[in-house]
Amino acid sequence: MKVVIVGAGSVGSSIARELLAHKHEILLIDLKPEVIGRSGLRGAHWLVGDACELSTLQDAKLEDADVVVSATGDDKVNLVVSLLAKTEFGIGRTVGRVNNPKNDWMFNDSWGVDVAVNTPQLMTALVEEAVEIGDLVRLLTLQTGVSSLVEFTVPHDSHAIGLTVGDIDWPEDSTLVAILRDQAPITPSRDDVIDGGDELFFVTTIAAENQLRELLSPGSGEGNAPSEGNGSGEGNGSGEGQGGAAAAPATADQLGRSDQLDDDGFDG
């Protein structure tokens, strides 16, 4: 697999090192020629240039890449590179690094981003997952913001204790994919009994997260089904409240240089 990585800082270099170890073909693009000597990456190809310029991406033969990773420390650059990779070169998979969590809502398919990696948000989720009991914690956002991987640690006073997986009427767009018990993963079946302290992992649509939270929360009562109205979509964050409307693609003038995007709503 050929992977083009824009930005050869600590993040980009670390990604390249791991991919090289797995025998992938790597091309790194960076503005600073000095990063080549200090990177210590053997076997990687290099191109010095501005990845926001079409000519640089043409020199990189970007159309031959399987994946483009935008890993710079500038969200504006990462968005422009992802959009150019998708719209001008037809790249099948783009990965964009989110530096400022306030810009996360822009990293979607409107800007050519297939997968957004929000490191601050991920670290926050891992901290919450370690200490939060009885609340739903989103670990990862999947499919450009359509679905997510969430975790729920069952409190020892939960109404769900003693019920089997098959007893519970899970929300339609939520799937229990794993149970972590005594530090051992379990593939859930209908006959598995839920116990206090179990960590339940779900793949769910973001719109269904509220339904899942209401079902699992201590205040949802003794019933086995979600409360009335949960399937209607009202109040579940579908559409409004999920990051707002998608950002419109930039104009051709805006794509020329990343510093022209400062007035387009960026934080940082």
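The entries below cover salt bridges first, then a helix.

I worked on a predicted model, where local features need pLDDT of at least 70, side-chain atom pairs count only at pLDDT 80 or more, and totals for chains, interfaces and linings use all residues. I numbered residues from 1 along each chain as its sequence is written, and side-chain values use heavy atoms, with hydrogens and water left out.

**Salt bridges.** I searched the whole structure and found four. The criterion is a side-chain nitrogen of Lys or Arg within 4 Å of a carboxyl oxygen of Asp or Glu.

I looked at Lys86 and Asp114, whose closest N and O atoms are 2.7 Å apart. Lys86 sits in helix H4 (residues 75–87) and Asp114 in the loop between strands E5 (93–98) and E6 (115–118), 28 residues apart. Helices (H or I, at least four residues) and strands (E, at least two) are DSSP runs, numbered from the N terminus. Asp114 is buried at 19% relative accessibility; Lys86 is partly exposed at 25%. Buried means under 20% relative accessible area, exposed over 50%, partly exposed in between (1.4 Å probe, protein chains only).

I then checked Arg138 and Glu209, which pair at 3.0 Å, N to O. Arg138 is in strand E7 and Glu209 in helix H6, so the bridge ties together parts 71 residues apart in sequence.

**Helix H6.** I listed the buried residues of H6 (residues 209–216): Glu209, Gln211, Leu212, Leu215 and Leu216. They lie on the same side of H6 because they cover an arc of only 160° around the axis, taken from the directions from the helix axis to the C-beta atoms.
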